[in-house]
Amino acid sequence: MKKNIAFLLITILFSLPGFSQEKFGPTPTKEQLAWHDKEFYLFMHFGPNTFTDLEWGHGSEDPNVFNPTAMDCNQWASIAKASGAKGIIITAKHHDGFCLWPSKFSNHTVRESKWMDGKGDVLKMLSEACKKQGIEMGVYISPWDRNHPDYGTPQYNEVYINTMKELLTGYGKFFELWWDGANGEGPNGKKQQYDFTRFKDSALSYQSQLVIFSDIGPHVRWVGNENGIIGETNWNLLDTAGFKRGEGAPPNDTLNSGNYNGKNWIGAEADVSIRKGWFFHPGEDSTVKSGATLFDLYLKSVGRGGNMLLNVPPNRAGLISSVDSAALMSFKKIREEAFANNILKGANILRTKEFIEIHLANEVSLNTLVLKEKINLGQRVVRFEITGGNDINKFDPIVAGTTIGHKRILQFPTQKLKYLRIKFTQYKAIPILGDIEGYLAP
Ligand code: FUL
């Protein structure tokens, strides 16, 4: 009977004007929605720097320094898959200009190296491996190029577009294109004026499903730090008018939290390396983050409504080192255990404009909640408070927070309760949440 009344109430409420499933404010495109659902994927920095112990190659390195001895992209992709990552973004070209594929538009590529007698193509090997494992692939193509002789001239914009075209038309579909903000001098001492508008239009003309990352999007934004941490308040909204990539980008704290009233939907992607450097350095094995540290970063990125881009750089053999893969597997295990059994499944849920109440049949112990907004209808929740207990007339404070977006993971000291209430204390439009999950994480 009680259940029927609740159901009736929900039906009535959802048919009221404010409850209609209308979009509110900027909303994500279907490509951005698919991107949000990926949540966690790997970054791989690989190239001459792997062999020279540098982070920023000069562009004048002998191509022969690139010489992985046991290169195996199937190992990369199978480790990525086993870790639960949805894809791999590879540095097809980093700032040193070295192309991991035999580009027609450069003389500084795998073709000029002795590796596989100049016949190797990392992009081809990786795209085949990802396909085999059923994961997706993305490309980092550094606009800054310390090798290309045309860098710093208008001609370089043509070179960059041709380079993108070659990659975007030769290796199957990518999910993401990564534009780094660093912009220094080329080999001729000149800085480039990038034609990003044309870069964007051409990239999308070759692969319209792409999401493009940069400090300011257009589709995905940097979070203002390289520690993998998104702001506790995270709006998927950003104002980009008047801002540039690199120098001229919005302040880091703005990128970290987005703009409350931002005009564009631009989700946050937290990039961080599993070890100290972005590239592999033999002396940095001891800096590999533990599974527990990675899980903490997961809570501070995916758990704050953004995505986690975790860099796991292949070593000089051309393999993921065993310390890194062990940390990834431990991270996977912690996630699996934390989200093993949704205690709230099947509970009675009562929704009103200002709160959601969950009534359980029996008392449960729980220390984790996962909330999701239906972001296809816009990001609406500004602030919320969660209370609960064993008495329908007495709700004690448990946890409070700001913004939900794609996902909000809340962890708190274990509570024993039968009743749970999520109260929206501030919202832009009537909150519309998806499934609410609860767990008892070890
Ligand atoms: C930075 C680059 O300069 C680093 O080398 C690295 O690629 C990192 C992910 O982005 O801006």
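The questions and answers below concern a predicted model and the reasons for some of the terms applied to it.

Q: Why is helix α6 called roughly parallel to helix α7?
A: Helix α6 (residues 154-170) and helix α7 (residues 196-206) pack at an angle of about 20 degrees, and their axes are 10 Å apart. Because angles under 35 degrees count as roughly parallel, α6 is roughly parallel to α7. The crossing in which α6 passes α7 is right-handed.

Q: Which residues make the contact between α6 and α7, and how many of them are nonpolar, polar and charged?
A: On the α6 side the contact is made by Asn-157, Glu-158, Tyr-160, Ile-161, Met-164, Lys-165, Leu-168 and Thr-169, while α7 contributes Arg-198, Phe-199, Ser-202, Ala-203 and Tyr-206. Sorted by class, this contact of α6 with α7 has seven nonpolar, three polar and three charged residues.

Q: What makes Lys-93 count as buried?
A: Lys-93, which is found in strand β2 (residues 87-93), has a relative accessibility of 3%. Since buried means under 20% relative accessible area, Lys-93 counts as buried. Leaving aside residues up to four places away in sequence, Lys-93 touches Phe-98, Cys-99, Trp-101, Tyr-140, Ile-141, Ser-142, Pro-143, Asp-145, Tyr-156 and Tyr-160.

Q: How do you know that a polar contact joins the side chains of Lys-93 and Tyr-156?
A: The contact between these side chains, Lys-93 and Tyr-156, is 2.9 Å, and a polar contact requires a pair of N or O atoms within 3.5 Å.

Q: Which residues of helix α9 are buried, and what covers them?
A: In helix α9 (residues 291-299) the buried residues are Gly-291, Leu-294, Phe-295, Leu-297, Tyr-298 and Leu-299. Their cover includes the strands β9 (267-273), β10 (307-311) and β15 (408-427), together with the helix α10 (322-338).

Q: Why is Asp-53 called partly exposed?
A: Asp-53 lies in the loop between α3 (48-52) and α4 (73-82), and its relative accessibility is 43%. Because buried means under 20% and exposed over 50%, with partly exposed in between, Asp-53 counts as partly exposed.

Q: What is the phi of Asp-53, and what is the phi of Met-116?
A: Asp-53 has a positive phi of about 70 degrees although it is not a glycine. Met-116, in the loop between β2 and α5 (122-133), is likewise not a glycine and has a positive phi of about 50 degrees. Most residues other than glycine have a negative phi. Met-116 is partly exposed, because its relative accessible area is 43%.

Methods. Residues are numbered from 1 along each chain as its sequence is written. This is a predicted model: local features need pLDDT of at least 70, side-chain atom pairs count only at pLDDT 80 or more; totals for chains, interfaces and linings use all residues. Side-chain values use heavy atoms; hydrogens and water are left out. Axes are lines fitted to C-alpha atoms, for helices over the stretch in contact, and angles run from 0 to 180 degrees between N-to-C directions. Helices (H or I, at least four residues) and strands (E, at least two) are DSSP runs, numbered from the N terminus. Angles under 35 degrees count as roughly parallel, over 145 as roughly antiparallel, 65 to 115 as roughly perpendicular and the rest as oblique. A crossing is left-handed if the near helix is turned anticlockwise from the far one by less than a right angle, and right-handed if clockwise. Contact means heavy atoms within 4.5 Å. Ala, Val, Leu, Ile, Met, Phe, Trp, Tyr, Cys and Pro count as nonpolar, Asp, Glu, Lys and Arg as charged, and the others, Gly among them, as polar. Buried means under 20% relative accessible area, exposed over 50%, partly exposed in between (1.4 Å probe, protein chains only). A polar contact is a pair of N or O atoms within 3.5 Å; within protein, one must be able to donate a hydrogen and the other to accept it, and residues adjacent in sequence count only if both atoms are side-chain atoms.
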